[in-house]
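Subject: Handing over a structure

Hello,

Here is the structure I promised to pass on. Please open it first, then read my notes below.

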Amino acid sequence: MLSNFAKNTGCFIILLFSCLFLQGKVVPAKIFSDNMVLQREVAIPVWGTAKPWEQITVRLDSSEVKTNAKSDGRWMIYLPKHNAGGPYNLIVKGTQNQIIFSNVLIGDVWFASGQSNMEHPMKGWEWIPNSAVSQSTKEISDSNYPEIRLFSVSKYPCPIEQKDLPTGKWEIAGPESVAGFSSTAWFFGKELYGKLKVPIGIIDCSWGGTPIQTWMSREAQKPFTDSVNLLTVLPIFEQSDWSKKVEQSIEQNRIRRDQISYPAVGLTEKISNPDWDDLSWKSVDLLSETNRFGNIVWMRKEIIVPEPFVGQQLKLSLEFLNRQSQVFINGKELGYFLYPEPVRIEIPEKLIHSGKNILTIRLAQPWGESQILGSPDRFFISNQDRSFFINIVENWRANDQLESVIPVKESYQSNSAFLFNGMVMPIIPFGIKGFIWYQGESDAGHPLLYAKMFQQLIKDWRKRWKQGDLPFLFIQASNIELSHEFEKKSDSWCLLREAQQKALVLPNTGMVVSVDIGNPYDVHPKNKQTFGHRLVLQALKIAYHQDIIADGPVYKSYEIKNDTIIVKLKDEISLPMKENHLNFCGFEIAEKDGAFQEAKALLVNHKIYVFSPTVKKPVAVRYAWSNNPCISLFNEIELPMAPFRTNDF
């Protein structure tokens, strides 16, 4: 891929700086703008470009620092520490021009990064219907906080480390700026501001669906060269051509996703109309192994309802429609569903006619072929007592040629180091208070590698920022169902959660346990308020050294006595409630054969006694060890105990 970068015209970066040198203008990095927040109580770095050897003066309040640009035109200064306050002007002056940044505040800046659950905008994604956060209208209207400032990092994957962002500006919090901002980061910043009453800046640097290696520097990934693909970078790199390629990729894939998620205006009304002519469509059975549908397929079926059942409420079950589906009866939409939520619909009585009724489905899948999954006996329409019941697996008409979709264009955001190069590196060493991180879903398939890479990322970012062991707060993967085979217990995300938890061996790290607050049918839970709140608790404890409870009960050790395993907890400030309570779920124990059995658990004197009548000689215990586990242990402020296991078989 990178062979396309080689051009005979030379390097765009050199030409760009040559142009700037000829102009003789000082240009600060784009992370600096009006309305920004600068980090309090640390030396404040300010940097940019200018003519080689040009003298640069930077002034903030009563502080002034001078320096000279280096031979390559780059310069950097550090302003003295400032307490929280403002607004100020930050003045950057060269020999031929000066730039004045106004309405600058001094406070705490947090760097928010990760994949889609950090990116998740308050108003939802353009291309995912119904993806706004809970109570989004109310939350967006309650966003006029002039001392909270937001910076959204431009999406820009790149094969080489960038010295600056392509664009960007700080915005004052308000309905317009908050609507498209990271919901997790916003709720974190808003609550933190309420607690601290100092200006808060949030830098949102996230991208959905991205693995950890794209956020790591090439240097940080050297220990993992056998496991990651670090592309060779050619010595000549044409920046402008690359930027056009990235822009075209992002835009074409955005349009494509919108085409898949939203039918053309008026098309839904036409195709869901009972009178639409579908005789030329192919006849299919929903669960046939020969079905091969494109990104979008329309399906219709005639349902005959006898007169005696008209006026009754009917139930519709369509099991699993992968991935986005809209369901209609007689031209009226019954609902929108996002896989793996099973389709269960109570049909209003007024929508059913005596005799012929037309059931219509629009099924869309951005990532490949549309699919229908599930058990045949769960595709039906019936009344409450099933005196009327029709299995609807067979005899549908289907057409996947009614809507055209432009082809997918190569994207680059998942390539190793590309997002570090283009989105993280240009911000270093902007002064920050710490990091909040929500990522890992894309790495569930290789948890052992992730455990090592995650710790490496934390150490590398801290090293590059040169502010010591900056607080690094992260969210452990939530509860989720990953496929239609719910009866088959899966623990693939348990290993990811365990890999994430291992990062707590590093100093100044904090983990939000979220296995109780996710949506088992949506990888993007909408209650981001709770996620932000739990991050705030971690921040108050770790970054601000407040004596508060930020964690639920924490596993410490275990011992075995006869047929019982006794679990000991770490401390007393986060112990669970409900002593002498036998209904704790989520515990399992096993003998040496490794076959875990469901167990009962009893909490007595801050110890958990776990036992099962089917396990006489237990050797291991685990808790909440499934993708979507039962969670039963909470402390007095309703923080849950993290999943744990005492062995690795």
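A disulfide here is a pair of cysteine sulfur atoms within 2.5 Å.

Before the rest, some ground rules. This is a predicted model, where local features need pLDDT of at least 70, side-chain atom pairs count only at pLDDT 80 or more, and totals for chains, interfaces and linings use all residues. Residues are numbered from 1 along each chain as its sequence is written, and side-chain values use heavy atoms, with hydrogens and water left out.

**Cysteines**

The structure has 1 disulfide. It joins C585 to C630, with an S to S distance of 1.5 Å. Distant parts of the chain are linked this way: C585 is in the loop between β27 (564-569) and β28 (587-590), C630 is in the loop between β32 (620-623) and β33 (644-645), and the two are 45 residues apart. Strands, like helices, are DSSP runs numbered from the N terminus (strands: E, at least two residues; helices: H or I, at least four). The torsion about the S-S bond is about -65°, so the disulfide is left-handed.

C585 is partly exposed, at 22% relative accessibility. C630 is partly exposed too, at 37%. C494 is buried, at 1%. C158 is also buried, at 0%.

Look next at β28 and β32. They belong to an open sheet of 4 strands, ordered β29-β28-β32-β33, with antiparallel pairing. Strands pair if DSSP finds at least two bridges between them. β29 (596-598) and β33 stand at the edges with a single partner strand each, so one side of each has no neighbour in the sheet. Between β28 and β32 there are 4 bridges. In one of them, E588 is partnered by R622 of β32.

Strand β13 (residues 296-305) has 8 of its 10 residues buried, so the rest of the structure largely encloses it. It pairs with strand β18 (residues 355-364) in the antiparallel sense, over 10 bridges. It also pairs with strand β22 (residues 396-399), again antiparallel, over 3 bridges. M299 has a bridge partner in each: I361 in β18 and A398 in β22.

S370 sits in the loop between β18 and β19 (371-373). It is buried, at 4% relative accessible area. Its side chain makes polar contacts (N or O atoms within 3.5 Å, one able to donate a hydrogen and the other to accept it; residues adjacent in sequence count only if both atoms are side-chain atoms). One goes to the backbone oxygen of G294, at 2.9 Å. Another goes to the backbone oxygen of N295, at 3.0 Å. Leaving out residues up to four places away in sequence, S370 touches others including F293, I296, V297, N322 and L363. Contact means heavy atoms within 4.5 Å.

**Cores**

A nonpolar core is a set of buried Ala, Val, Leu, Ile, Met, Phe, Trp, Tyr and Cys residues joined through side-chain atoms within 4.5 Å. In soluble globular proteins, nonpolar side chains tend to be buried together. The largest core here has 95 residues, and F32, F430 and W461 touch the most other members. Helix α9 (residues 447-465) gives the largest share, 9 residues. Beyond its neighbours within four places in sequence, F32 is in contact with L38, P45, V46, W47, L90, F101 and F430. A second, separate core has 36 residues, among them I148, A179, V198 and A543.

**Two helices**

The expected span of a helix is 1.5 Å times one less than its number of residues. Helix α5 (residues 183-196) has 14 residues and should span 20 Å; its end C-alpha atoms are 20 Å apart, which agrees. Of those residues, 11 are buried, including W186, F187 and F188. At its start, a side-chain oxygen of S182 comes to within 3.1 Å of the backbone nitrogen of A185. After α5 comes K197, with a positive phi near 55°.

Helix α6 (residues 239-261) has 23 residues and reaches 33 Å from first C-alpha to last, close to the 33 Å expected. Its buried residues include W242, V246 and I260.

Best wishes

Conventions:
Buried < 20%, exposed > 50% of the residue type's maximum accessible area, 1.4 Å probe, protein only.
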